[in-house]
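Hi everyone, thanks for making time today. Please have a look at the protein on the screen, and I'll walk you through a few of its features.

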Amino acid sequence: MASGEAFPSSSLQADNLIHVFWDEGMLKHDTGTGVFDTGMDPGFLDVLEKHPENADRVKNILSILKRGPISPFISWHHGRLALISELLSFHTQEYVNELIEADRNGGKEICGGTFLNPGSWDATLLAAGTTLSAMQHIIDGHGKFAYALVRPPGHHAQPTQADGYCFLNNAGLAVQLALDSGCRKVAVLDIDVHYGNGTADGFYRSDKVLTISLHMNHGSWGPSHPQSGTIDELGEGVGFGYNLNIPLPNGTGDEGYGYAVQHLVVPAIEKFEPDMMVLVVGQDSSAVSALSYCSSMFCIL
Ligand SMILES: [Zn+2]
């Protein structure tokens, strides 16, 4: 997240740092093992795979931030649990109640491959609260750039339903906090290889939030994911023209991403003139990810 003119920062030194928000309680979200993301053991395999959204994924990002080349430029901050009342800026009470109930009953598969297991709900509240803390840090003028390292992820979660390993839309909650704190316009740029359908859905009828998503051309994947991510999903009502979908062919590399950013993303953001940016930086566009067919990707963090 980066602030614009609206929130002057308090010190030059803080401006030059990346403010990373993290809480190890998010590692307690155990998505289990099975065949890919099914959680199923067919009974004839020696080794079951870890669910693709597992704690190791984040542990390695954490170790890179702590011991990698950008570590001297990082200021570390603790995360926190989100309050239930804070979730209602993006999600419906009915849907939040469904998640609370699932946790109370010992967990369940909320939708395909999306397991709310014992420990998952606290981790989910930590992911949301930690993201809100990162946004609040920028709003309060303590820096220009904050990074919330969180799991479970959020960008597929829609106001009324879970989807694609996501329960709560962390970025959507942060956007709403920025708007509620006085930002006039917020731009969201989502570079995860899958369509940021949940975030787009949450602001589909708003002209205060420009949602941009670069993604693999995968279309809808079932009832939890009705959006297709095609170029003709442009928003509705006053929000028409404020959702920009950029589906990319499989195998798109750095050059293709660079071209799309230079010719589509940058002009759209410049025209919109946001006073806050939220970057959704899922790493699965990488050539080494089992979840994509894109060949490589620039890395914001
Ligand atoms: Zn993804």
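What you see is a predicted model, so local features need pLDDT of at least 70 and side-chain atom pairs count only at pLDDT 80 or more, while totals for chains, interfaces and linings use all residues. Residues are numbered from 1 along each chain as its sequence is written.

Let's begin with the whole protein. It has eight helices and 12 strands. Along the principal axes, its C-alpha atoms fill a box of roughly 60 × 40 × 40 Å. The radius of gyration, taken over C-alpha atoms, can be set against a globule rule of 2.2 Å times the number of residues to the power 0.38. For 301 residues a compact globule would come out near 19 Å, and the protein has 18 Å, which agrees.

Next, burial. I call a residue buried if 20 or more other C-beta atoms lie within 10 Å of its own, exposed if 12 or fewer, and partly exposed in between, with C-beta atoms placed from the backbone. By that count, 45% of the 301 residues are buried.

Now find helix H6, residues 170-180. How many of its 11 residues are buried? Nine of them are, so this helix is mostly covered. Among the buried ones are Asn170, Leu173, Val175 and Leu177. After H6 comes Gly182, with a positive phi near 115°.

Staying with H6, look at the loop that runs between strand S8 (145-148) and this helix: Pro152 lies there. The peptide bond from Arg151 to Pro152 is cis, and its omega is near 0°.

Why point these out? Most residues other than glycine have a negative phi, and most peptide bonds are trans.

Two more residues deserve a stop. Phe36 is not a glycine, yet its phi is positive, near 50°. You'll find Phe36 in the loop between strand S3 (33-34) and strand S4 (49-50). Is Phe36 buried or partly exposed? Phe36 counts as partly exposed, because it has 14 C-beta neighbours inside 10 Å.

The other is Glu273, also with a positive phi, about 55°, although not a glycine. Glu273 sits in the loop between helix H8 (254-272) and strand S12 (276-280). With 12 C-beta neighbours inside 10 Å, Glu273 counts as exposed.

How values were computed. Helix = DSSP H or I, 4+ residues; strand = E, 2+ residues; numbered from the N terminus.
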